Amino acid sequence: MDQQLTAIVVHDLKNALGALEGELSALVDDLDQDKARQAHASCVALREKMIGFLTLYKASTQGLTTRIEAVSPDDFLNGLLRDRIATPSKLDITINTDDMPAIAFFDEHLVALALDAALQNATRFARTNIVVGCKKVDEEIVFTVQDDGTGLDAAEEKPSTGLGMALCDAIAKAHRNENRQGSVQLSTPLNGGALFTLRLP
């Protein structure tokens, strides 16, 4: 694993822990429900970031082993969003079911990590909504996460560590079928925003 990325991620985790400590300290003085929800959301985000970092570390040192199973994409995406929508958000997150296959074959746990990383990124830039989808294109299963933000050229108040895309790339490449492997892409579609695409063979 790249040492510079490791140092950046560890520094980011340290800062996130410091912010969570501050939120919990405020709760000690004032048991406010909104503050409690925010502290919980921060804790969930930190746990997800830590899992992502550990998964990427494993990929770089041991390689990722996939457990390919038959999965209903509709049930999978609904389950993924159910947990995320439980946290406070002003964004409308929906599932596009157009051309969604009834069954697809992939590692449910790893793909959930990748899509959650993509959703975290989308929530940083989306104005009002995020759309998640899954289609079968030729011989590939294609997951997408699209936001209605300002696109890839948007300036960031807090620059990304790059952990999310590195994690998604490792998960995509761990999915292999004969001589084909998965891939990820970020693009700006014609209708604006940013589009994350995860292709699995």
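**Terms and values in this model**

Me: Why is Cys134 called buried?
Reply: Buried means under 20% relative accessible area, exposed means over 50%, and partly exposed lies in between (1.4 Å probe, protein chains only). Cys134 has a relative accessible area of 1%, so the residue counts as buried. Cys168 is also called buried because its relative accessibility is 1%. Across the protein, 37% of the 201 residues count as buried.

Me: What are the conventions of this model?
Reply: This is a predicted model, in which local features need pLDDT of at least 70 and side-chain atom pairs count only at pLDDT 80 or more, while totals for chains, interfaces and linings use all residues. Residues are numbered from 1 along each chain as its sequence is written, and side-chain values use heavy atoms, with hydrogens and water left out.

Me: How many disulfides does a search of the whole structure find?
Reply: A disulfide is a pair of cysteine sulfur atoms within 2.5 Å. The search of the whole structure finds zero disulfides.

Me: Which elements make up the protein?
Reply: There are five helices and nine strands. Helices (H or I, at least four residues) and strands (E, at least two) are DSSP runs, numbered from the N terminus. From that terminus on, the elements run α-α-β-α-β-β-α-β-β-α-β-β-β-β.

Me: What makes a set of residues a nonpolar core, and which members of the largest one touch the most others?
Reply: A nonpolar core is a set of buried Ala, Val, Leu, Ile, Met, Phe, Trp, Tyr and Cys residues joined through side-chain atoms within 4.5 Å. The largest such core has 39 residues, of which Phe76, Leu77, Leu115, Ile130, Phe143, Val145 and Leu198 touch the most other members. Two or more residues come from each of helix 3 (73-85), strand 3 (104-106), helix 4 (108-125), strand 4 (129-137), strand 5 (140-147), helix 5 (163-174) and strand 9 (195-200). Helix 4 gives the most to this core, with ten residues. Apart from it lies another core, of five residues, including Leu13, Leu27, Ala39 and Leu46.

Me: Which residues does Phe143 touch?
Reply: Contact means heavy atoms within 4.5 Å. Not counting residues up to four places away in sequence, Phe143 touches Phe76, Leu77, Phe106, Val111, Leu115, Gly133, Cys134, Phe196, Thr197, Leu198 and Leu200. For the protein, among contacts between residues at least 6 apart in sequence, 72% join residues at least 24 apart.

Me: Why are strand 2 and strand 8 described as standing at the edges?
Reply: Two strands pair if DSSP finds at least two bridges between them. Five strands form an open sheet in the order 2-4-5-9-8, with mixed pairing. Strand 2 (92-96) and strand 8 (183-187) each have a single partner strand, so one side of each is left without a neighbour in the sheet. The twist from one strand to the next averages 15°.

Me: How do you know that strand 5 pairs with strand 4 and with strand 9?
Reply: Strand 4 and strand 5 run antiparallel and are joined by eight bridges; Val132 stands opposite Val145, and Lys135 has Val142 as its bridge partner. Strand 5 and strand 9 pair over six bridges, also in the antiparallel sense, and here Thr197 is the bridge partner of Thr144.

Me: What is the value of phi at Asp138, and why is this residue called exposed?
Reply: Most residues other than glycine have a negative phi. Asp138 is not a glycine, although its phi is positive, at about 55°. Asp138 is in the turn of the hairpin formed by strand 4 and strand 5, which have two residues between them. The relative accessibility of Asp138 is 70%, so the residue counts as exposed. Glu178 likewise has a positive phi, near 60°, and lies in the loop between strand 6 (176-177) and strand 7 (180-181). Glu178 is exposed because its relative accessible area is 74%.

Me: Why is Glu140 called partly exposed, and what does it contact?
Reply: Glu140, found in strand 5, has a relative accessibility of 22% and therefore counts as partly exposed. Leaving aside neighbours within four places in sequence, Glu140 is in contact with Lys135, Arg180, Arg199, Leu200 and Pro201. The C-alpha atoms of Glu140 and Arg180 are separated by 9.9 Å, with the two residues 40 apart along the chain.

Methods. Axes are lines fitted to C-alpha atoms, for helices over the stretch in contact, and angles run from 0 to 180 degrees between N-to-C directions.
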